[in-house]
Structure formats: C-alpha cells, structure tokens
Amino acid sequence: MRQFTAYVRKTLKLAQLARKTISDSRRDPTYEGYVCFLLTVVMLLRRQPSFNSFEDLLQDPPMKKLFRGHPLPRCTQTLKDALKKMDLSSLEALHQQILKIAAQNKVFAKTLINGLRGLAFDGVEPLSSRKLSCAGCQTRTLDTAQGPVQENYHRLVMLQSIGAP
C-alpha cells in the first residue's frame, strides 16, 4: 500500500489532478469535492465493506497524515452527499487523464505476462442503509429478530488489471 500511495502521490499527482478536474454543484462546501473523492478512493483501496465501516477511520492519525492540511469530515454522510453532487463529466475527464499518464509511463506494458493481460472483476457494496435511500438504490429484505427489514444499497463493479508490478 505504501508503494502504491507513493506512486499516486509522486507520479500520478492524483490530488493535484483531482483538485483541477473534479467539480460539484454544492455551494460553499465545508469539504472540497476532490478530498471527498480521494477519501472514497482510499475507502475502496482498503476494501471497506461500506461507508459506515469507513467512518471510524476518518479521524485516525494515519488518515489525517495522508490528508495533512485538509479538514476531513467527521461522518460519511458528508462524503455521500458530496458524491451525489459531483459532475460525472469531470470524473470522466479525470479518468482519461489518469489513463493517459499511465500509458505514458508504460504502466500497462509492465502488467503483461507472456504477452497477455489479465483482468479481474471486483465487486463492492459501499452504500447500505435501512433508513436512507435514493432513486438509484437497490433494495433487499433482511430477516431480523424484530421481523423483516428493508435495506437500501448500492453495488459497484470494478475491472482491475492483474499482473507483474
């Protein structure tokens, strides 16, 4: 993780790219949109099962050190609200910039094994709530000691390149 963090910080300069690229429709936000985006990236890299499980880590010293100089939200609801207001075209532009830098640095050539590239699908469920919902939520019914309860959730599927570093 330390090697990846160094690559993201020094080579990709992800924080600077995100600061220049990401936009959202919030007025006078307390927390910058790119910081909320980067926190979400960290959450996914740590393979946190949900935003709720990530909430306890927001105030940990290692997290504060990683985001030194930037105030971090105390609750993940702030992250959820910021993500809902992000301009998707700005995220797509950031994605294209990251791919361009990775191609220039020949990152993809290093992942070939005998001339073949391996890819893996990975699914996560970062959002789930029994109280909050939105138009894009999926729902399921859970059997609990108190009886059936409806839970709202979101699932994400990512495609990862696998191979030699």
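On a 1 Å grid over the protein atoms alone, a pocket is an open set of points where a 1.4 Å probe fits, with protein on both sides within 12 Å along at least five of seven lines; its lining residues have an atom within 4 Å of a point.

This is a predicted model: local features need pLDDT of at least 70, side-chain atom pairs count only at pLDDT 80 or more, and totals for chains, interfaces and linings use all residues. Residues are numbered from 1 along each chain as its sequence is written, and side-chain values use heavy atoms, without hydrogens and water.

**View 1. The chain holds 7 helices and 4 strands.** Helices (H or I, at least four residues) and strands (E, at least two) are DSSP runs, numbered from the N terminus. Along the sequence the pattern reads α-α-α-α-α-α-α-β-β-β-β. The C-alpha trace spans about 55 × 40 × 30 Å along its principal axes.

**View 2. The second largest pocket has 26 lining residues.** Thr5, Arg9, Val42, Leu66 and Phe67 lie nearest the pocket centre. Helices α1 (2-12), α2, α3 and α5 (61-66) each give two or more residues to the lining. Which helix gives the largest share? The answer is α3, with 6 residues. By type, the lining splits into 16 nonpolar, 3 polar and 7 charged residues. Here Ala, Val, Leu, Ile, Met, Phe, Trp, Tyr, Cys and Pro count as nonpolar, Asp, Glu, Lys and Arg as charged, and the others as polar.

**View 3. Helix α2 (residues 14-21) crosses helix α3 (residues 33-45).** The two axes (lines fitted to C-alpha atoms) come within 8 Å and cross at roughly 135 degrees. The pair is therefore oblique. The crossing is right-handed. From α2, the contact (heavy atoms within 4.5 Å) uses Leu14, Ala15, Ala18 and Arg19. From α3 come Tyr34, Phe37 and Leu38. The contact residues are 6 nonpolar, no polar and 1 charged.

**View 4. Helix α2 also crosses helix α7 (residues 88-104).** These axes come within 9 Å, at roughly 145 degrees. This crossing, too, is right-handed. On the α2 side sit Leu14, Leu17, Ala18 and Thr21. They meet Ser90, Ala93, Leu94, Gln97, Ile98 and Ile101 of α7. This contact has 7 nonpolar, 3 polar and no charged residues.

Note on methods: Axes are lines fitted to C-alpha atoms, for helices over the stretch in contact, and angles run from 0 to 180 degrees between N-to-C directions. Angles under 35 degrees count as roughly parallel, over 145 as roughly antiparallel, 65 to 115 as roughly perpendicular and the rest as oblique. A crossing is left-handed if the near helix is turned anticlockwise from the far one by less than a right angle, and right-handed if clockwise.
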